[in-house]
Amino acid sequence: MTGPSLPLNVALGVVTLDVSATAAPDWVKVTPRGSVMTRDGRSYRFDPEMLAARYVAEGVDIPVDLDHAISRKTVFGERADAVGWVKELQPRLDGLYARVEWLKAGLDALAARTHRFISPTFHHDASGAATWLHSVALVAAPALAMPAIAAALGGPAASSAPIHAHSPSDQQHRAALAGLGLNSASAHEDRKMSEPTFPYSDVDLTTQVNRIPNEFGLLRALNLFPSEDARSRFVEIRIEDGVLVVLAAEEPGAPGNQVEWGTGSSIVIKIPHIPHGPESIRPDDLQGILDAAGRIREPKSFDKELAKRLGIIRSLHGQTLEYLRLGALKGVIRDGKGRTLYDLYSVFGITKKTVDFELGTAGTSVLDKCEEVVDHILCNLKGETSTGVEAIVSSSFFGKLIQHPKVEKYWLATQQAFTLGMLERSRLGGNWGRVFEFSNIMFREYKGSALVRNGAGQIISEPNVADGMGHAYPVGTRYTAYTLWGPAHHVDFVNQAAPEVVVSQEPIKHGGGWELKSQSNVLPIWKRPEALVELTTSN
């Protein structure tokens, strides 16, 4: 297929990627993700998702050539053959990857080890943002610090040390390309080692870590605490006891019904700053370590290690958020050191409601206990709406509930004993807990625990729901619960909507690697703790 004509504002060779393999790879990395800078100070940005979408929309195969021949030789009307075709583009964590259909010339170049690196030619806007790929070249020398395709069919892998290079020395080609508005920066001159630079900005890291889906936690999956941007670390919460009355019918044009609203008050809370790190990536994390890709073994790359660390960071903050939300649902929000951030019952001046189900007593009316829970919750919504009541409970509470004689008798009487014996298991948020609806309450078994520190500083495993307990709450409310995201403590995010997780980097002296620090600024709040019920079973 023939590609589009080469427009102005095109760069070639400014990014070069090492493609080490023992055979011609089907997939090669053609651009990094985020920002890069050339030796002469020009900067470019790559958005893999956008570039892939543009490729799909145009439906034009991208040619692979040798030494940017298609971009260079066609300027003079000379023939330049493709040595392969890009058949698919795929955004990944560390950049944009291309599935290449190699032709014989491309396979020969890779086998001979004469061209071991990939370098894209791309169109960009005035700010340096790449807008689409024109072609991809196999080149002999790298142009920028990036982690080879040909370590030569069984030969040793190439060094991934940062290498920078000047533009081509061929003045005729350079002048011709300049006449077309092209920037030539591929590496065909002397190479010079420079101080290693981190290839991604703090904004790039933050954008990427938040692209990793947070799949942790049942409460997240249930969406009990929708997100809200606070824009300030101090937030005023207005507490109003709304009063809903039936409006009277009047003649058209008559004055409207006047409603007296309930009393209200305000409290001010501070959104906590939750830092993590530093998390360091050092030479020992990469040197001499091989990654397995099927039957292929290749040296571990910086980008792969960075992707792994970002995944860990996302998971840590995801688990922390679930722990905070669990605290809000229980009425007492604590951090990972066991310190109480907010006792919502104390803050709102509420006495906690507890219902003892006494599931160890055969004569207990479980229906009456459930009704007591539902009645308390609905009566204390005070103008708020709800679509039902649910409860997260421990495994022991759940087991005693479904085995209670009154519960079993109820299901036998309604000819639904099979349902009781074949309980559905919910897979929400990675929780393999059972679910069971009884007397208008959906009981959810919440398994698992979180590692936290106790008062003595020891790491302990704290169950998500304490043994023999549960916590009931209304669902489908409008204003009762939310997650407040405060401003990040970082100059790049001043007066902006807060990302869930912010990541920053700092070089370690004397080439020792890089440190990564992360932070979240978040507080889940349950605005009506009087509509929460703690469940226990004393026997």
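This is a predicted model: local features need pLDDT of at least 70, side-chain atom pairs count only at pLDDT 80 or more; totals for chains, interfaces and linings use all residues.

Student: Which residues of α3 are buried?
Tutor: In helix α3, residues 104–112, the buried ones are G106, A109 and L110. They sit on the same side of α3, because the arc they cover around the axis is only 95 degrees.

Student: And what do they pack against?
Tutor: Strands: β6 (62–66), β8 (95–102) and β10 (130–139).

Student: OK, on to A140. Where does it lie?
Tutor: A140 is in the loop between β10 and β11 (164–165). A140 is partly exposed, at a relative accessible area of 43%.

Student: What does A140 contact, neighbours within four places aside?
Tutor: D67, T114, H115 and F117. As for T114, its C-alpha is 6.2 Å from that of A140, though the two are 26 residues apart along the chain.

Student: New topic: β5. Which residues are on the covered face, and which on the uncovered one?
Tutor: Y44 and F46 are on the covered face of β5 (residues 43–46), while S43 and R45 are on the uncovered one. In a regular strand, side chains alternate between the two faces of the sheet.

Student: How does β4 run relative to β5, parallel or antiparallel?
Tutor: Antiparallel, with four bridges joining β4 (residues 34–37) to β5. G34 stands opposite F46 there. Y44 and F46 also form one aromatic cluster with F122.

Student: Speaking of aromatics, how many aromatic pairs does the structure hold?
Tutor: Eight. One of them is F225 with W526, edge-to-face, at 5.8 Å centre to centre and 70 degrees between the planes. That pair links distant parts of the chain, 301 residues apart: F225 is in the loop between α6 (218–222) and β14 (227–229), and W526 is in strand β32 (residues 513–526).

Student: Is F225 buried or exposed? And W526?
Tutor: F225 is buried, at 2% relative accessibility, and W526 is buried too, at 1%. Then there's F357 with F397: the ring centres are 5.5 Å apart and the planes at 70 degrees, so that pair is edge-to-face. F357 lies in the loop between β22 (353–356) and α9 (366–379) and F397 in helix α10 (residues 395–403), so the pair ties together parts 40 residues apart in sequence.

Student: Last one: which ring faces does R92 lie over?
Tutor: R92 lies over the face of W27, 5.2 Å from the ring centre, and over the face of Y97, at 4.2 Å.

Methods: Residues are numbered from 1 along each chain as its sequence is written. Side-chain values use heavy atoms; hydrogens and water are left out. Buried means under 20% relative accessible area, exposed over 50%, partly exposed in between (1.4 Å probe, protein chains only). Helices (H or I, at least four residues) and strands (E, at least two) are DSSP runs, numbered from the N terminus. The arc is that of the directions from the helix axis to the C-beta atoms. Contact means heavy atoms within 4.5 Å. Two strands pair if DSSP finds at least two bridges between them. Rings of Phe, Tyr and Trp (its six-membered ring) pair if their centres lie within 6.5 Å; planes under 30 degrees apart count as stacked, over 60 as edge-to-face and the rest as tilted. A charge sits over a ring if NZ of Lys or CZ of Arg is within 6 Å of the ring centre and within 35 degrees of the ring normal.
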